[in-house]
Every structure is written in C-alpha cells, then in structure tokens.
Amino acid sequence: MLGCAGSFPGPDSAASGYLVQADDADGRTWTVLLDLGNGALGPLQKYGDPTALDMIGLSHLHSDHIADMVVLNVLRRYRPDGPCDPVPVYGPVGTADRLATMAGKDPATDVGGQFAVREWDPAVPVHVGPMTLTPVPVEHPLPAFGVRVTGPSDTDPARTVALAYTGDTDACPGLAALAAGVDLLLSEAAYIEGRDDHWRGIHLTGRRAGEAAARGGAGRLVLTHIPAWNDPAVAVAEARSVYDGPVDLAVPGAVHAL
C-alpha cells in the first residue's frame with residue numbers, strides 16, 4: 001500500500017497507489033504498479049524500485065490516481081545511470097493525451113520515451129510474468145476500470161490466487177464481476193451511508209463494498225480511498241454489518257500476502 005487517501009492526499013497518506021508483486025518459477029519478482037496519485041512516488045521509492053517496474057495500470061484519469069506519473073517520468077528519465085527503458089502503461093481511452101497535458105510543454109517533464117501507453121481492452125487480459133491482469137469497466141463519471149489480478153500464491157506457488165482492485169466506482173455489474181471469488185477485494189469506500197446517498201454513480205460506501213464482497217464470496221475485504229474528512233471506523237462498521245469475512249483498512253506501507 002503506497003497511498004490510500006481518497007480524492008486528495010491526507011495528513012498521513014498519499015493518494016492512491018498500490019504495488020502488486022509475484023515471483024515466477026525461476027524466482028524472478030515481477031512488479032505491477034496500480035495507480036500513482038498525488039504523493040505516491042515517495043512511498044514507491046521506499047517500498048519498491050521505480051526503475052524496475054514491469055507494468056503500470058491506471059484505473060482512470062483523475063489526478064488522485066495519476067498525478068505522480070509526470071514526476072515518475074522525471075525520475076526514470078534523468079537518473080544518473082541513464083534513462084530507463086519504456087514501461088508499458090495501460091489506461092482508459094485518452095491516457096496518453098492526459099499525461100501529456102499534465103506534463104505541459106516543459107521538455108524536462110515531457111512523458112514521451114518513458115511510457116509505452118496502451119488502452120485497456122476488457123476482452124484482452126494483460127500478462128505480466130506469472131500474473132494476469134483483466135480490466136473490468138466500472139461506473140464513475142469518466143471512463144474507469146477495476147483490475148482483477150491472478151497469479152501464484154506467496155505461500156503455495158502451485159496455487160493460483162486472485163486480487164481485485166475496484167478503482168473508483170459505485171455498485172455496478174463490473175464491481176460484481178471483480179468481487180466474484182477473489183481472495184482479496186481492495187475496494188474504495190469514499191462515501192458514508194445516509195450522508196452521501198444523493199451522490200450516485202461515483203463512489204462506494206463501506207456498506208456497498210461489503211455487499212459486493214459478500215455476494216461475490218470474497219475471502220477478505222480491504223477498504224481504501226477514504227477521504228481525510230471521514231472516520232474510517234464508520235466505513236469498517238458499515239462493511240462488517242453486511243459481510244462476515246475479515247475487513248481491514250488500507251494503511252500506507254501495509255503488505256497483504258495471498
């Protein structure tokens with residue numbers, strides 16, 4: 001967990017950023033970065049290697065999920081050992097243009113050369129070493145995807161496990177597809193029941209995240225993307241009221257092994 005604050009960096013956490021890793025049969029560790037919001041590049045340098053990423057997946061193009069992509073480009077492009085090879089970056093339609101707009105016309109931040117940008121296709125899973133990433137369209141005010149990742153278990157490499165990351169979404173068929181049968185559902189829970197009921201098609205509450213986990217039979221639920229003005233305990237209580245499995249809060253630096 002690099003950053004788990006919702007909609008903007010919080011006092012104790014960067015915005016969204018998640019590092020997913022798995023070892024192949026030869027012992028090589030493959031690394032996928034899911035989102036890189038405001039401030040998440042700092043923890044990425046603490047818990048991973050920004051120059052050794054095998055793939056980056058962007059759930060959608062709001063700044064709290066992609067803002068640090070521009071400065072990641074600077075780190076990779078101007079390191080003393082010379083520029084890195086381009087890393088594949090998957091995102092919704094318009095990702096390349098959005099990153100270029102954020103970088104501006106300053107040659108120092110031009111994202112060209114470091115990112116090989118491609119568009120998510122729900123019909124075409126992406127294979128990264130022993131991991132398979134399947135993008136799933138979800139409901140948000142702009143094109144958005146959740147990502148389902150399957151790969152070998154940390155404790156038993158012969159067993160395949162699944163992680164699903166919702167990105168930002170409200171309850172929708174895509175959320176149900178993400179949650180079905182996963183070992184860990186990493187779900188946003190930015191809204192609170194009762195207070196935010198008039199806002200639909202944008203975010204989940206803890207209760208709606210819990211309902212998705214329960215219906216899908218998820219093995220574990222981790223709640224993330226909680227804004228600083230929310231009490232995280234409320235989201236956890238909402239989820240536990242409808243889901244009997246383990247519920248955890250995303251915490252910067254935490255590792256969840258499967």
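Visitor: Which strands each supply at least two residues of the lining of the second largest pocket?
Guide: Strands β1 (3–5) and β13 (221–224). Keep in mind that this is a predicted model.

Visitor: What volume does the second largest pocket have?
Guide: About 300 Å³. Its lining counts 18 residues.

Visitor: Which of those are the closest to its centre?
Guide: C4, A5, S13, I226 and P232.

Visitor: And how does the lining of the second largest pocket divide by class?
Guide: There are 12 nonpolar residues, 5 polar and 1 charged.

Visitor: OK, now the largest pocket. How much space lies in there?
Guide: About 610 Å³. The lining is made of 28 residues.

Visitor: Which ones lie nearest the centre of the largest pocket?
Guide: L19, V20, Q21, V255 and H256.

Visitor: Which strands supply at least two residues each to that lining?
Guide: Four names to look for: β3 (17–23), β10 (145–152), β11 (160–165) and β12 (184–188).

Visitor: Which gives the most?
Guide: β3 does, with 5 residues in the lining of the largest pocket.

Visitor: What classes are in the lining of the largest pocket?
Guide: Nonpolar residues number 21. Another 6 are polar and 1 is charged.

Visitor: Switching to rings. How many aromatic pairs does a search of the whole structure find?
Guide: It finds 4. One of them is formed by Y18 and Y165.

Visitor: How are Y18 and Y165 placed?
Guide: The pair is tilted. The rings are 5.0 Å apart, centre to centre, with 55 degrees between the planes.

Visitor: Why does the pair tie together parts that are apart in sequence?
Guide: Because Y18 sits in strand β3 and Y165 in strand β11, the pair links parts 147 residues apart in sequence.

Visitor: What about helices? At what angle do α6 and α7 pack?
Guide: About 35 degrees, with the axes 7 Å apart. Helix α6 covers residues 206–216, and helix α7 covers 232–240.

Visitor: Is that crossing left-handed or right-handed?
Guide: The crossing of α6 and α7 is right-handed.

Visitor: Which residues make the contact?
Guide: From α6, they are G206, R207 and G210. From α7, they are A235, E238 and A239.

Visitor: How do the residues of that contact divide?
Guide: Evenly listed: 2 nonpolar, 2 polar and 2 charged.

How values were computed. Residues are numbered from 1 along each chain as its sequence is written. This is a predicted model: local features need pLDDT of at least 70, side-chain atom pairs count only at pLDDT 80 or more; totals for chains, interfaces and linings use all residues. Side-chain values use heavy atoms; hydrogens and water are left out. Axes are lines fitted to C-alpha atoms, for helices over the stretch in contact, and angles run from 0 to 180 degrees between N-to-C directions. A crossing is left-handed if the near helix is turned anticlockwise from the far one by less than a right angle, and right-handed if clockwise. Contact means heavy atoms within 4.5 Å. Ala, Val, Leu, Ile, Met, Phe, Trp, Tyr, Cys and Pro count as nonpolar, Asp, Glu, Lys and Arg as charged, and the others, Gly among them, as polar. On a 1 Å grid over the protein atoms alone, a cavity is a set of points where a 1.4 Å probe fits but cannot get out, and a pocket is an open set with protein on both sides within 12 Å along at least five of seven lines; lining residues have an atom within 4 Å of a point. Grid points are joined across faces, edges and corners, and a volume is the space filled by probe spheres set on the points. Rings of Phe, Tyr and Trp (its six-membered ring) pair if their centres lie within 6.5 Å; planes under 30 degrees apart count as stacked, over 60 as edge-to-face and the rest as tilted.
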